[in-house]
Amino acid sequence: MGGPLVALLIALIVMLVTFIIERILTLNKAKGNASVQAFFKSIIDMLQQGNFDGALAACDKQRGTVANVLRAGIERYKQVLVTESSADKRLTETQRAIEEANALEVPLLERNLIALSTIASIATMVGLLGTTIGMIRAFSATGERVGGVIDAQKLAIGISEALVNTAGGLLAAILGIVAYNFFVNKVDAFNYTMDEATYEMLQLLKGREAEKK
């Protein structure tokens, strides 16, 4: 009923569903094992007490994006406490470690988002192409007359093909666009949470260094 392009539309929809499931699983894993707010509060308490080992253990237990970034900063700060005598260098090294960890985590959060957007655009074009082909067949049927009568079966097949491709293309496009926007908002929320958490941790460490002076 839909012609050969329907197979391509089905393949695009299957790819969309696969990417959506993968993004859901990845972002759920990125949240970690417990509430991010409760985890971060416990990290702040431990850092205020100077319990760096406890903070690292909490990051290992929490896992997830925020925990990985904070762990990189805490671990580097713990190392430079021994090797660096300058407070500015210690904070600079800590911030560098956080930025490096953040640069590794963000691409994982954004993976396959471009694919979702691209598939949504391609599906629209494929659906439009299938619609055009179907309408060409429908109009061709009007020109093929048997005994002066239009072949209604060929006309119906052409119109059906056009409508099926239109519906398939719109379905894939809507699914892809909604999923893309949803996951982009999720990633933005993760990035904001990471920025806020790392900023507060760096401010706390700066405060500790100022107290030492």
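The model is predicted, so local features need pLDDT of at least 70 and side-chain atom pairs count only at pLDDT 80 or more, while totals for chains, interfaces and linings use all residues. Residues are numbered from 1 along each chain as its sequence is written, and side-chain values use heavy atoms, with hydrogens and water left out.

**View 1. Helices H2 and H3 meet.** Helices (DSSP runs of H or I, at least four residues) are numbered from the N terminus. The axes of H2 (residues 36-48) and H3 (residues 52-62) come within 8 Å and cross at roughly 165 degrees; axes are lines fitted to C-alpha atoms over the stretch in contact, with angles running from 0 to 180 degrees between N-to-C directions. The two helices are therefore roughly antiparallel (the word for angles over 145 degrees). Their crossing is left-handed, meaning that the near helix is turned anticlockwise from the far one by less than a right angle, with clockwise for right-handed. Look for Phe39, Ile43, Met46 and Leu47 of H2 against Phe52, Gly54, Ala55, Ala58, Cys59 and Gln62 of H3, in contact (heavy atoms within 4.5 Å). Here there are eight nonpolar, two polar and no charged residues; Ala, Val, Leu, Ile, Met, Phe, Trp, Tyr, Cys and Pro count as nonpolar, Asp, Glu, Lys and Arg as charged, and the others, Gly among them, as polar.

**View 2. Helices H4 and H5 meet.** Between H4 (residues 65-83) and H5, the axes come within 8 Å and cross at roughly 155 degrees. H4 and H5 are therefore roughly antiparallel, and their crossing is right-handed. Residues making the contact include Ala72, Arg76 and Tyr77 of H4 and Glu93, Ala97 and Ala101 of H5. By class, the contact has nine nonpolar, five polar and five charged residues.

**View 3. Helices H1 and H5 meet.** H1 (residues 5-31) and H5 (residues 87-110) have axes that come within 9 Å and cross at roughly 145 degrees. Arg23, Thr26, Leu27 and Ala30 of H1 touch Leu108, Leu109 and Glu110 of H5. Four of these residues are nonpolar, one is polar and two are charged.

**View 4. The largest pocket.** Which residues lie nearest the centre of the largest pocket? They are Lys29, Ala30, Gly64, Asn68 and Glu105, among 13 lining residues. H1, H4 and H5 each give two or more residues to the lining. The lining has three nonpolar, six polar and four charged residues.

Note on methods
Parallel < 35°, antiparallel > 145°, perpendicular 65-115°, else oblique. 1 Å grid on protein atoms, 1.4 Å probe; cavity = no way out; pocket = protein on both sides within 12 Å on 5 of 7 lines; lining within 4 Å.
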